[in-house]
Amino acid sequence: MTSLTRGSVPAQHAAADPYPRPRRSPSRPQLVTPRSVPSQRGHGRVSPRGVLAVIGIGALAVIALWWHGTPAVSGLGGWLTGAGEVLGLLAGYGVVVLVALMARLPPLERGIGTDQLARWHAMGGRYIVSLVVAHGLLIVWGYAVEAHTSLTSEAATLLTQYPDVLMATVAGFLLLGVGIISMRAARRRVRYETWYYLHLYTYLAIALAFSHQFAVGASFINNLAARFWWSAMYLTVAVLVLWYRVAVPLRAFARHRFAVVGVKPESPGVISVYIGGSHLDELAAEPGQFFRWRFLTRSMWWSSHPYSLSAAPGTDLLRITVKDIGDHSRALSQLRPGTRVMAEGPYGAFTAGRTSRGVVLLAGGVGITPLRAMFSSLPGPVTLIYRASSEQDIVFRDELDAIAAARGAKVYYLVGSRADIGGDPLSPRMLRSLVPGLDQQEVYVCGPSGMISAAVEALRGAGVPRRQIHFESFEF
Ligand SMILES: Cc1cc2nc3c(=O)[nH]c(=O)nc-3n(C[C@H](O)[C@H](O)[C@H](O)COP(=O)(O)OP(=O)(O)OC[C@H]3O[C@@H](n4cnc5c(N)ncnc54)[C@H](O)[C@@H]3O)c2cc1C
């Protein structure tokens with residue numbers, strides 16, 4: 001047995017590798033997870049289509065609000081101003097939707113998944129910044145046409161005579177700046193933390209832009225009900241953000257008293273961190289989910305990082321397994337037992353629902369972590385395919401083999417280069433040869449983004465319907 005480098009796991013977990021605790025029955029091998037894991041499917045989850053439909057209906061209501069507040073549009077100036085107003089209203093609605101998507105609302109997190117929400121947020125952000133810019137330009141242009149003056153003179157009038165418009169202009173530039181720094185090319189050049197903290201300026205931008213909507217927005221000036229509902233929308237989302245991003249993690253910290261129990265090396269550059277706590281069953285975490293972990297040491301308390309559970313959650317112990325690729329992940333190997341931890345979550349929709357089909361788990365590199373947790377706890381026939389660049393990069397080999405033996409599952413290690421393996425390991429032919437009846441299975445893929453794209457393409461090529469393919473990216 002490999003021992004932990006620092007600290008040790010509690011007695012009931014220490015006798016053997018804590019996850020899983022296999023127990024054999026005379027008739028059929030059984031796998032006992034630390035506690036039975038409830039399926040969250042159907043509990044407070046929402047469907048992606050349903051959410052998109054609600055967002056779309058909200059956008060139509062916003063256009064109706066503009067229509068109601070705009071009795072007639074005439075002349076070039078009127079059309080330009082009208083277009084500017086409706087785009088501004090849509091931008092004002094859109095920023096609230098974008099913030100709501102990132103408010104860590106449990107039904108969204110569990111039903112849609114954090115990575116998908118982040119993709120929607122990023123895509124929506126591009127539209128919103130475009131709407132904001134178009135809104136500003138069209139309004140100035142429309143007013144200039146109506147006042148028979150130049151663009152610069154109209155812009156100067158608006159900025160000097162309307163303080164709310166000045167604040168909204170500052171907000172617009174802040175949003176534009178955040179949009180530019182979030183563009184793929186720019187984002188690659190800045191540290192994640194820099195990007196993240198600059199991103200928080202969007203909250204300031206939203207606050208700065210709020211008042212100009214009521215002060216000069218034609219749809220609100222004479223419409224008390226519209227002002228009420230618009231304010232209620234902003235207030236509701238603000239309360240949800242504070243609740244789910246601040247209050248809930250603090251409450252969980254007090255209730256569960258998370259603390260590091262020990263750190264264990266798994267393979268070169270990969271360690272597991274065991275985190276103890278009380279009443280962990282109340283978290284209702286599922287294999288495949290992740291938490292955002294904030295380790296309260298002098299150098300790490302200020303940032304939280306997402307790491308998946310690498311074993312089915314226990315009632316008093318959780319495990320994450322981390323590959324060192326940067327400052328934070330590297331520093332985890334130095335954690336001392338007793339270090340207090342804030343854990344925000346569980347998050348993610350990368351969990352297995354009840355299915356009568358067989359399940360294939362397809363892991364690349366450190367993407368094995370959530371699949372390892374699922375491997376020990378999924379009911380029914382399971383096949384695990386684990387792609388690694390070298391033998392020493394394989395994490396959990398002993399555990400995986402033990403679980404496979406206990407439950408009668410198959411594990412395939414695809415190690416080395418294409419030449420070593422004798423072809424593309426992720427080709428439809430190779431996958432079909434490993435898993436007979438592949439197109440009838442639910443497939444869960446986790447790994448680097450390039451590997452995920454290649455795997456999804458190969459699975460589609462092997463005839464697996466899109467709805468049976470589930471994947472999680474470790475990049476937001
Ligand atoms: C849902 C999810 C689950 C994950 N599970 C695991 C896991 O089980 N094991 C594992 O080894 N890795 C996991 N990761 C990846 C892990 O979060 C990053 O490797 C880690 O945060 C890198 O931080 P760093 O400071 O060491 O490296 P850096 O060099 O600072 O960052 C490398 C990259 O990691 C990402 N990243 C950095 N900080 C954060 C952050 N605070 N929040 C989100 N992304 C960030 C960015 O894409 C960044 O470009 C997961 C990521 C996600 C999104």
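**Sheet and ligand shell**

Guide: Strand β6, residues 290–295, and β9 are joined by five bridges in the antiparallel sense. The model is predicted: local features need pLDDT of at least 70 and side-chain atom pairs count only at pLDDT 80 or more, while totals for chains, interfaces and linings use all residues. Residues are numbered from 1 along each chain as its sequence is written, and side-chain values use heavy atoms, with hydrogens and water left out.

Visitor: Why are β6 and β9 said to pair?

Guide: Two strands (DSSP E runs of at least two residues, numbered from the N terminus) pair if DSSP finds at least two bridges between them. β6 and β9 have five bridges, so they count as a pair. Arg294 stands opposite Met342 of β9, and Phe295 has Val341 as its bridge partner in β9.

Visitor: What makes the sheet open?

Guide: Three strands form it in the order β7-β6-β9, with antiparallel pairing. β7 and β9 (341–347) are the edge strands and each has a single partner, so one side of each lacks a neighbour in the sheet. From one strand to the next the twist averages 30°, on a scale from 0 to 180 degrees between N-to-C directions of axes fitted to C-alpha atoms.

Visitor: Why is β9 called mostly covered?

Guide: Buried means under 20% relative accessible area, with a 1.4 Å probe and protein chains only. Six of the seven residues in β9 are buried, so the strand is described as mostly covered.

Visitor: Which residues come nearest the ligand?

Guide: His305, Pro306, Lys323, Ser329 and Thr369 do, out of 19 residues around the ligand; a residue belongs there if one of its heavy atoms lies within 4 Å.

Visitor: Which elements give two or more residues to the shell?

Guide: They are β7 (305–308), β8 (317–323) and α13 (327–331). β7 gives the most, with four residues.

Methods. Buried < 20%, exposed > 50% of the residue type's maximum accessible area, 1.4 Å probe, protein only.
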